[in-house]
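Thanks for making the time this morning.

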Amino acid sequence: MPRPLKVAVQMDPLGGIDINGDSTFALMLEAQARGYELCVYQVEALSLSEGRRTPDAPRAARVTARARPVTVQRKAGAHATFGDEQVIDLSAMDVVLMRQDPPFDMAYITATHILEHIHGVGPGRALVVNNPAAVRNAPEKLLVTHYPDLMPPTLVTWDVAAIRDFRAKWGDIIVKPLFGNGGAGVFRIRQDDPNLNALLEMHFARSREPLMIQRYEPAVRKGDKRIILVDGRPVGAIDRIPAEGETRSNMHVGGRPVRAELTARDREICDTIGPFLRDQGLIFVGIDVIGEWLTEINVTSPTGLQEIDRFDGTNTAGLIWDAIVSRLATVDVGA
């Protein structure tokens, strides 16, 4: 019988999660049910240092984390039991799940550089999910721009005049930061809204980053569809219905999940982007589709597993672990 997989989970504090909605928790429950050994740490506990030289190889970087063994259960208020903290060499793990939430800032990017030192399959390597180099090179909103036939009219710019021209052309627009999450900082600005200039002044006074501007899609009132892809293949979807008086559909801000079916257009989108995701080692991805248009490709810490499972009676976490095990068995993904 093969030994159980050793899994380290890099995430935000486990104690504060919603156990009925958190996708990382679902992945941990499934891993534990399979007999895998789990430990958990926060990204701030990562360290990168020089490793020891061996007779057979030059000195390599050493990546460690202050981590705690953990067992989990679906019991509110008592969902995690921790062992003693210890410094672990992450290259001794089989799998590292990179599941901390954005913002996708320099701290996040630095963590991907650190984990890239150990990413791979085989002795002295741990399969990092998702591939940290691919995550770093695929910012979620910018990745969509590589598929212009799939996305709504979109502008990414610092140029205030260009933003004004975009609104003059399309009338009703969405303004959002490139590297946020959970719907934070997303605004709908109509043709006659006098707040555009003030909004732009406020953003550019606080940030050196450009903004993404997209045409507002009225179809969002019927749902912003989250589709989960595992190794490039769609495995389920939900529609997120915005709350009354709210433009954003994110569940963090009151979006209501409902059951969804994949349309022919959804499958066309998945067929187009799926091979790229699979080839890049982006095993667990959540895409957002409004009406006919792809708006985001979420590769950092996508959500939606538990909601899909409740509607469809599936085990999407199990499908993700199946894909991970398949990679461990057959694919050398490199460093």
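**Salt bridges and a helix face**

Let me start with E116, which at a relative accessible area of 24% is partly exposed, where buried means under 20%, exposed over 50% and partly exposed in between, with a 1.4 Å probe and protein chains only. Before going on, please note that this is a predicted model, in which local features need pLDDT of at least 70, side-chain atom pairs count only at pLDDT 80 or more, and totals for chains, interfaces and linings use all residues. Residues are numbered from 1 along each chain as its sequence is written, and side-chain values use heavy atoms, with hydrogens and water left out.

The partner of E116 is R136, at 2.8 Å from N to O, in a salt bridge, that is, a side-chain nitrogen of Lys or Arg within 4 Å of a carboxyl oxygen of Asp or Glu. R136, for its part, is buried, at 18%.

D288 and R226 also form a salt bridge, with the closest N and O atoms 2.8 Å apart, and both residues are buried. In R259 and E261 the corresponding distance is 2.5 Å; here R259 is partly exposed at 44%, while E261 is exposed at 51%. Salt bridges with shared partners join D224, R226, R240 and D288 into one network.

Now to helix α6, residues 196-206, where L196, L199, L200 and H203 are buried; helices are DSSP runs of H or I, at least four residues, numbered from the N terminus. Seen down the axis, these buried residues fall within an arc of 95°, so they line one face of the helix, the arc being that of the directions from the helix axis to the C-beta atoms. On the other side of α6, E201, A205 and R206 are exposed.

Notes: Helix = DSSP H or I, 4+ residues; strand = E, 2+ residues; numbered from the N terminus.
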